[in-house]
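User: I would like to learn how to read aromatic pairs, ring-charge contacts and chain interfaces in a model. Could you take me through them one at a time?

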Amino acid sequence: MDNNRQGAKASIIALIVFIGLWILLPSAVRRLNKEAFAEFQAPAIQLLSKSRDLARYWELRSRSTEDLVAAGRDLARINATLELKLQAMEDIRKENLRLREMLRYPTSTDYLTVVARVATRDTSSWWQRMLIRKGRNDGIRPGCPVVFGNRVVGRVTTVHLNISEVELVTSPAFRCTAFLEGDDPPRIVHVSGVASNPFTTGRAKVSVIQPDYTPPAGQVAKVVTTGLGGVFPAGLILGTLDGGVTSTAQGNLKEAYMVPSKNLDTIEEVSVLVPKYPTAGEILMSPTDRIKLEEFK
Amino acid sequence: MTLTWAWLILFLATFPWLIAADLLGSSLSGWNLVFYISGLVIVTPCRRLRRWQAILFSAFIGFTFEALRPIPHGSLAFSLVFIAIILSSFPELLRDKSRLNNGAVLVNTASCLVWYVAIAFAMRNQTPFVLSSFLYNLSLQLLLAAGLTLLLLKPISVYQNQVMDKLRIP
Amino acid sequence: MKSFFNDTPHSTPSDPLSRVRINFLFVFFVAGFIYITTGLAYRQLVQASEIMIQSDNQIKRVVIRPPARGKIYDRHGYTIVDNRVRWSVKADLLSLQPEFRQEYLSLIRKAKADPTVPKINYDALNEQARLNVLNGWLDKIWFVIDANTDKPKKLKTVAKLPSNKEERTVNRLALRKHLTESRALKFTLITDLAFPGSENASDPDEANRTVARFIEQFPQGGPISLESDMVRSYPYSTMAAHVLGYVRDSTDLPPNVDDFTDLNFDNLQKLRYTGKRGAAGIEQTFDPILSGASGWELWTKTSSGYNKELLRSSEPRQGSSINLSLDINIQLAAEEALRQIKDSTGNPLPGAAVMLDVNTGEILAMASQPTFDPNRLVDRISNKYYDEIENQGGWLNRATQGQYAPGSTFKIITAIAGMRNHIIDWDDILECGTSFRVGNRDFPEHGGEAFGSVDVEKMLTISSNVWNYRVGLKLGPELLAKEARRFGLDAPLLRMPPSLTNPSTTELPYPTNRLVIPDPAYKMRIGAGPWNSGDTANMSIGQGYTLTTPLHMACLAASVARNETRTTPTIIHDPNRDGRHEGAVSIGLNKDQLEAIRIGMKRCVEVGTARSMQIEGLSIAAKTGTSEYFKNGEKAHLAWVIGYAPADNPAVAFAVLIEGQLDTSTWGGKTAGPVAKAMLEGWQVENDKD
């Protein structure tokens with residue numbers, strides 16, 4: 001017993017010393033440690049996610065041929081309509097480019113789209129995130145916007161070799177600028193996730209709404225990305241205003257809550273929009289500090 | 001098989017439980033609660049492993065939980081190590097079943113409290129702090145951690161003891 | 001069960017004492033553990049209520065939260081003074097402490113290693129460490145804002161916004177001031193993200209882009225945060241700047257702080273965010289109405305004086321809004337026209353223009369040139385901009401603060417005085433030569449020509465001097481001065497209506513109090529010797545000692561239009577105004593006499609000296625004037641025109657004054673006429689709308 005107590009004392013002292021060292025350690029070492037444990041878990045998560053996909057595949061295999069034929073026919077119709085729309089879009093794109101050139105308007109950021117399956121979700125009151133089955137190997141970089149169709153899902157925060165962590169729109173660490181539907185001329189508002197209570201749908205807070213804004217009558221106002229911040233393309237739907245617009249503590253600005261436009265608990269697949277060139281913020285957060293700030297002065 | 005790597009093998013053997021808990025959390029993501037068992041899984045091994053092994057085992061469990069989450073890195077691992085030192089130095093603390101039960105609940109909820117507080121502290125500049133909401137969320141999270149412990153202590157203990165028996169750990 | 005737990009059986013029955021001890025140890029460790037984790041890591045958040053009870057005033061402080069100011073509208077409800085969102089970047093010095101410390105230590109190391117440093121000044125190093133750290137963060141912020149990574153293959157920064165050195169490095173003095181005075185608050189790194197430097201008004205798109213880039217790209221959760229507040233915004237920039245005024249930072253504790261009753265407020269240390277106080281114009285005189293009521297926050301503080309946690313708070317209340325009588329279309333027309341009157345080097349001549357509603361006395365336009373942009377004065381006035389305005393004389397509201405000899409516009413008074421005192425009647429004709437001899441001096445006709453037979457109507461049309469010399473001399477200075485005073489040419493104007501705020505103040509700040517209607521007593525008083533008939537002759541044509549303002553002359557025109565002696569002008573719009581004017585009585589002319597004045601002024605526009613302001617389809621009555629004044633000891637000319645329109649059914653009255661320079665040819669009708677015309681055209685557009 002005495003030996004044990006002595007040993008425990010020594011161990012605890014050693015632990016305290018080690019914690020001290022840990023704090024003083026270069027952040028790269030800590031990052032490496034974290035990365036190692038993440039990579040260790042990644043294959044298991046991937047495997048489980050893939051096996052779930054497989055189960056789903058076999059479930060689909062069991063469908064009757066009639067069902068499949070009907071589904072195929074529906075799909076063909078949808079395809080035909082979409083192809084027409086695609087043609088129209090192409091014309092608009094060309095016209096848009098021409099107009100931008102005429103106005104010497106800065107071209108919007110080019111994105112590469114990476115489609116990724118959702119591996120797991122991880123939610124608590126402090127974070128709302130998902131792991132997706134694409135990572136550094138697929139060209140994903142931290143900070144990339146994650147979308148589902150024209151709806152914003154969230155933003156990549158950390159990238160591992162084959163999986164990435166995505167902070168959802170409703171996560172307290174999520175930040176974005178937006179325009180509100182019915183605000184003319186559109187004025188920037190600030191969107192940030194909020195800590196959400198258990199068993200509730202995650203929400204985000206829309207703040208810095210100017211006092212004279214009134215949502216359009218008879219419909220829920222959409223919250224769309226501005227495209228000005230260099231991260232999200234313009235016009236993506238972040239969500240819709242939930243409930244009324246209320247005055248803030250300062251009394252001279254308003255705020256409101258927003259619910260995501262898509263049930264983020266059920267999405268199976270997302271698209272990651274990878275900007276062709278790294279954004280300034282990405283460079284700033286780059287853990288390797290490869291690019292020194294001085295080079296840009 | 002030397003005993004030197006027993007802790008690592010035990011860790012690998014315990015890992016599926018952690019993944020399973022995460023998967024449960026994933027499929028019940030609407031709950032906004034973490035299915036936290038990392039505190040619970042160190043209880044049984046700490047009674048039998050030697051102190052340094054218990055420390056390494058707990059540290060690995062802690063780091064694994066933190067790796068894919070925005071929790072301040074090390075906060076959980078070091079608190080688990082602290083608990084491991086206590087438990088492995090005084091195995092008589094968990095001598096009988098009721099003590100083991102209480103101890104496990106205490107360990108799991110206390111370590112849960114630590115990471116919960118740690119992330120709250122890390123997020124203080126990013127999201128407004130509402131005390132009532134914080135306490136509500138925290139109490140539900142601790143309740144879940146305690147409930148999971150009562151539910152899973154038996155199977156996990158049996159499983160881990162069997163693994164340790166196989167490893168011929170005294 | 002035992003086998004399941006793989007328990008060693010209780011081989012040695014432990015003695016009760018050791019069991020108790022172990023239990024105690026167990027409880028002790030658990031309790032200690034929970035205490036340490038919650039207590040240390042989260043103390044500031046969880047224990048808020050207890051701390052509130054335990055703490056005393058020594059560790060608390062009150063932060064006053066200034067309210068949003070009320071808006072200002074024009075008479076049609078257009079917003080002319082607004083509040084806009086300002087995004088400012090702030091640094092939390094408390095979270096930066098470790099970084100400061102680290103930098104401080106490294107600076108000390110460097111200093112110690114440097115043999116050329118004789119004695120280490122630790123205070124200076126400490127300050128330098130703070131500056132270095134904050135500048136490092138500022139660099140990162142600007143990097144995110146500036147770096148244009150949209151197009152180029154190779155990253156490069158494109159400074160899209162005009163770079164302003166002041167905002168790109170931390171001001172040493174500002175930091176020092178912050179640390180001594182308000183260390184509890186966050187330190188402002190960039191005051192206005194959308195308009196950095198606040199001197200460079202960039203276009204709204206660019207401003208939005210800057211804000212968005214920062215929000216979406218700058219790493220979250222660190223010591224740098226973005227705060228938004230509302231600031232005063234003047235959407236029409238220089239429009240009516242002299243009337244509206246501007247706001248300045250104020251650190252005075254506002255008197256109207258709510259809800260302090262249970263707080264024992266006086267004993268608490270007070271800190272406040274800088275509030276705003278009206279510093280000129282309406283913003284100043286109506287400050288009590290516009291400023292609203294402050295809110296407050298009760299904080300505990302750390303031992304080093306930083307804010308620690310918020311205990312209680314009360315919301316600020318926005319100020320009330322004000323409806324001005326100005327009409328933005330007429331105002332803009334007046335200012336644009338004033339800017340077109342230029343000197344030989346192409347700079348606009350100083351001047352003023354006023355338009356009143358004849359019936360209510362409400363001021364529809366009040367312009368003064370040169371002017372300033374209140375948007376650029378919102379935060380702190382840069383010395384450069386202050387000097388620029390100062391050198392041009394731009395702070396002066398020439399419509400209410402400028403003192404000018406009214407020149408020939410005064411002849412209306414002379415004519416009215418002549419008829420009222422039966423010196424002359426409306427149809428009496430005086431023969432007017434090229435000059436008139438007073439004492440031993442010849443007083444000339446303007447232009448040097450003789451007008452021949454002149455009656456009241458013709459005098460006003462052609463502005464004969466000789467006619468006025470003759471009538472004025474017969475009247476004498478006392479009667480002339482009496483008539484001028486009857487029309488209130490030296491009376492204080494724009495007194496605050498008692499119902500609004502402090503009635504002892506005026507609607508616009510600091511109206512000139514050096515108005516002069518001279519008489520022999522005045523001349524003696526200023527030590528210029530006894531009055532002579534030359535002085536009377538000069539006075540009769542609005543020269544000499546007479547000094548008044550464009551607003552007074554506009555009121556004179558409005559009074560004549562209404563056949564009354566006084567007009568009470570006001571800058572506040574009130575749809576229920578009854579059109580009564582303080583001290584106003586009938587002028588006291590018979591119908592023919594009044595008609596002679598009115599037709600004379602109408603003919604003045606049709607065929608006389610004010611021909612330059614003719615507008616098709618609008619009959620205008622006006623009187624021009626060109627008076628002499630001394631600029632740098634040399635003679636220069638003031639151009640005047642006053643009048644009203646429509647001539648038959650007067651609705652608006654106006655006065656325009658232009659200060660000619662030494663090298664400009666400045667003539668009443670020719671120079672000032674176009675400004676009056678522009679205002680009337682602006683009024684016509686508004687009138688057609690109604």
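User: Which residues do ring pairs link into a cluster?

Analyst: Rings of Phe, Tyr and Trp (its six-membered ring) pair if their centres lie within 6.5 Å, and planes under 30 degrees apart count as stacked, over 60 as edge-to-face and the rest as tilted. In this predicted model, ring pairs join Phe18(A), Trp22(A), Phe37(A) and Phe40(A) with Trp5(B), Trp7(B), Phe11(B), Phe15(B), Phe60(B), Phe63(B) and Phe78(B) in a cluster. This is a predicted model in which local features need pLDDT of at least 70 and side-chain atom pairs count only at pLDDT 80 or more, while totals for chains, interfaces and linings use all residues. Residues are numbered from 1 along each chain as its sequence is written, chains are lettered from A and ligands numbered from 1 in the order in which they are written, and side-chain values use heavy atoms, with hydrogens and water left out.

User: How many aromatic pairs does the structure hold over all chains, and what does the pair of Tyr246(C) and Trp395(C) tie together?

Analyst: Over all chains there are 35 aromatic pairs. Tyr246(C) and Trp395(C) form a tilted one, with 5.8 Å centre to centre and 45° between the planes. Helices (H or I, at least four residues) and strands (E, at least two) are DSSP runs, numbered from the N terminus. Tyr246(C) lies in the loop between α9 (241-244) and β8 (247-250) of chain C, and Trp395(C) in the loop between α13 (383-392) and α14 (411-420) of chain C, so the pair ties together parts that are 149 residues apart in sequence.

User: Is Tyr246(C) buried or exposed?

Analyst: Buried means under 20% relative accessible area, exposed over 50%, and partly exposed in between (1.4 Å probe, protein chains only). Tyr246(C) is buried at 6%, whereas Trp395(C) is partly exposed at 22%.

User: Where does the charged end of Arg203(A) sit?

Analyst: A charge sits over a ring if NZ of Lys or CZ of Arg is within 6 Å of the ring centre and within 35 degrees of the ring normal. The charged end of Arg203(A) sits over the ring of Tyr257(A), 4.0 Å from its centre, and that of Arg441(C) over the ring of Phe443(C), 4.2 Å from its centre.

User: Which residue forms a salt bridge with Asp122(A)?

Analyst: A salt bridge is a side-chain nitrogen of Lys or Arg within 4 Å of a carboxyl oxygen of Asp or Glu. Between chain A and chain B the count is 1 salt bridge; Arg69(B) forms a salt bridge with Asp122(A), the closest N and O atoms being 2.7 Å apart.
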